[in-house]
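Hello,

Here is the structure I promised to pass on to you.

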Amino acid sequence: MRNSNRDFVPPSLDPGENVLEQELSLIQKRDSSLSRYSIIVSLLLVGAIAALGAMAAQGAGTFLKIRLTEAIFALIALIILFNVYTIRQEFLIKQLRAQLSDKQAQFYSLRNLSMLDPLTGLYNRRFAEQRLASEVARTQRMGHPLALVMLDLKQFSLVNERLGSDAGDQALREFGARMSSVIRGSDLAVRLDADKFMMVLPECATEQLNRVLSRLLPFELNWKGHHVPLEFAAACKQYQVGESSDEFIARVEQSLLTTKRAGAKAPHFETLTL
């Protein structure tokens, strides 16, 4: 469900992709040029051999026939040498392609490390902030709604204290998987830090938010025979025209903090606690 988000990479997280594309383009041009020149040169040499053969067959003198035969053999030798050169160049191009493939694999591996939270597999805050900035810009252009949801697992520290850090890690992984399962391919599930999460929901109207959050419930951790129901506080906001992405995040974070302090229970769009 999150694959479509992997196609979106902020420029600051993708500094080497243009370089890789340029290198691949150069290799492709070199391969194409080699094939084209190989065909042209081969045709010219074969044409020259045919012409010399025709001249030799027209009853030329002995001396001229000898010269023409030498020329034909010389052209044949050139064809052989050119084919050897072509084969060597093709081998070098294959090596370059293999090196570029390894470089791309390393690049995308490093890029994923810079984008993803290693524990949950969700996107991290660094990537989310840049993705949100892009969505804010798109919302300003198109006028589509843009919702931001922040969630905080309640009393998560007690899970670590009573069941251990492994249980806490499992709870975070399972909650992250639940988030990924309830969002659309165009949405973004994020682990901000510790037990705080976020969902970026482009083109998500107010009435759709409660449905998204309701799919997260009930959430229960099953750990070595223990069934631990976990609740979360959530704050939801729609983007307001004119604010920056940083201001948008700060507004939702403040709303979540207010909700947690107040211990609100009734569902409400602006400050929703479940």
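Strand β3, residues 188-193, is mostly covered, with five of its six residues buried. Buried here means under 20% relative accessible area, exposed means over 50%, and partly exposed is in between (1.4 Å probe, protein chains only). Helices (H or I, at least four residues) and strands (E, at least two) are DSSP runs, numbered from the N terminus.

Before I go on, two words on the source. This is a predicted model, so local features need pLDDT of at least 70 and side-chain atom pairs count only at pLDDT 80 or more, while totals for chains, interfaces and linings use all residues. Residues are numbered from 1 along each chain as its sequence is written, and side-chain values use heavy atoms, with hydrogens and water left out.

The sheet

β3 belongs to an open sheet of five strands, in the order β1-β3-β4-β2-β7, with mixed pairing. The edges are taken by β1 (123-124) and β7 (232-238); each has a single partner strand, so one side of each is left without a neighbour in the sheet. Two strands count as paired if DSSP finds at least two bridges between them.

On one side, β3 runs parallel to β1, joined by two bridges, and Y123 stands opposite V190 there. With strand β4 (residues 196-202), β3 runs antiparallel over five bridges, and R191 faces F197 across that pairing. The hairpin of β3 and β4 has two residues between the strands, and A194 takes a positive phi near 35 degrees in it. Further along, β2 and β7 pair in the antiparallel sense over seven bridges, with F232 of β7 as the bridge partner of L153.

Aromatic pairs

The structure holds five aromatic pairs. Rings of Phe, Tyr and Trp (its six-membered ring) pair if their centres lie within 6.5 Å; planes under 30 degrees apart count as stacked, over 60 as edge-to-face and the rest as tilted. Y123 and F127 have ring centres 4.6 Å apart and planes at 25 degrees, so this pair is stacked. Y123 and F127 are both buried. Y239 and F248 make an edge-to-face pair, 5.5 Å centre to centre with 70 degrees between the planes, and both of these residues are buried too. There is also an aromatic cluster formed by F175, F197, F219 and F232.

Salt bridges

How many salt bridges does a search of the whole structure find? The search gives ten, where a salt bridge is a side-chain nitrogen of Lys or Arg within 4 Å of a carboxyl oxygen of Asp or Glu. Here are three of these pairs.

- E135 and R138 meet at 3.3 Å, N to O. Both lie in helix α4 (residues 125-142), three residues apart, about one turn of the helix. E135 is buried at 8% relative accessible area, whereas R138 is partly exposed at 27%.
- K260 and D152 have their closest N and O atoms 3.0 Å apart. This pair links distant parts of the chain, 108 residues apart, with K260 in helix α8 (residues 245-262) and D152 in strand β2 (residues 146-153). K260 is partly exposed at 43%, and D152 is buried at 7%.
- R184 and D187 meet at 2.6 Å, N to O. R184 is partly exposed at 35%, while D187 is buried at 3%.

Salt bridges that share partners also join R131, E135, R138 and E203 into one network.

Surface and totals

F73, I76, I80 and V84 make a nonpolar surface patch of about 390 Å²; V84 sits in helix α3 (residues 62-115). Patches are made of residues with over 30% relative accessible area and no salt bridge, with like charges joined within 9 Å and nonpolar side chains (Val, Leu, Ile, Met, Phe, Trp, Tyr) within 5 Å. Accessible areas come from the Shrake-Rupley method with a 1.4 Å probe, and for residues only the protein chains shown count as cover.

The protein chain has eight helices and seven strands. Of its 274 residues, 39% are buried. Its accessible surface comes to about 15,300 Å², and 58% of that belongs to carbon and sulfur atoms. Among contacts (heavy atoms within 4.5 Å) between residues at least 6 apart in sequence, 72% join residues at least 24 apart.

Best wishes
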